[in-house]
Amino acid sequence: MVQISTRAADLWAAIERATGARADVRLTVSSTRISVPAPPEDAPSWGELLKALRTADRWGSVTADGRTDVWAQIDEDG
């Protein structure tokens, strides 16, 4: 089992809590990236999601095949 930093684990949990969706976690030597399907525009969860995203080192969104995902990245000090 691969371990991630406490900071990344906290962000992962906050994103899943805010969206109610299971997040995808990708690890590299120097970072952890967490992505999740974006909630609908009018979802009340956006406030909590944005609060969580702002704790990341970088965050954004990507749209492909008609689906928008929100991602957040923690740069690990390795």
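**One residue and its surroundings**

Modeller: Let's start with Leu 49, whose place is in helix H2. Helices here are DSSP runs of H or I with at least four residues, strands are runs of E with at least two, and both are numbered from the N terminus. Before going further, please note that this is a predicted model, in which local features need pLDDT of at least 70 and side-chain atom pairs count only at pLDDT 80 or more, while totals for chains, interfaces and linings use all residues. Residues are numbered from 1 along each chain as its sequence is written, and side-chain values use heavy atoms, with hydrogens and water left out.

Is Leu 49 buried or exposed? Leu 49 counts as buried because its relative accessibility is 0%. (Buried means under 20% relative accessible area, exposed over 50%, and partly exposed in between, using a 1.4 Å probe and protein chains only.)

Now look at what Leu 49 touches. Setting aside residues up to four places away in sequence, Leu 49 is in contact with Ile 15, Ala 18, Thr 19, Pro 39 and Val 70, where contact means heavy atoms within 4.5 Å.

In soluble globular proteins, nonpolar side chains tend to be buried together.

H1 has 14 residues and reaches 20 Å from its first C-alpha to its last, close to the 20 Å expected at 1.5 Å a residue; the expected span is 1.5 Å times one less than the number of residues. Which residues of H1 are buried? They are Ala 8, Leu 11, Ala 14, Ile 15, Ala 18 and Thr 19. Seen down the axis of H1, these buried residues fall within an arc of 125°, so they line one face of the helix. (The arc is that of the directions from the helix axis to the C-beta atoms.) Thr 6, Asp 10 and Arg 17 are exposed on the other side of H1. The buried residues of H1 pack against S2, H2 and S4. After H1 comes Gly 20, with a positive phi near 70°.

What do the helices lie on? Four strands form an open sheet with antiparallel pairing, in the order S1-S2-S4-S3; two strands pair if DSSP finds at least two bridges between them. Strand S1 (24–27) and strand S3 (58–64) are the edge strands, each pairing on one side only. From one strand to the next, the twist averages 25°, with axes being lines fitted to C-alpha atoms, for helices over the stretch in contact, and angles running from 0 to 180 degrees between N-to-C directions. H1 lies across S1, S2 and S4 and runs at about 5° to S2. H2, the helix that holds Leu 49, packs on the sheet and touches S3 and S4, with its direction making about 30° with that of S4.

Finally, look at how the strands are linked. S1 and S2 are joined by a hairpin through three residues, and four bridges connect these antiparallel strands. Val 25 has Ile 34 in S2 as its bridge partner, while Arg 26 has Arg 33. Asp 65, in the loop between S3 and S4, has a positive phi of about 55° although it is not a glycine. At 85% relative accessibility, Asp 65 counts as exposed, whereas Leu 49, where we began, counts as buried.
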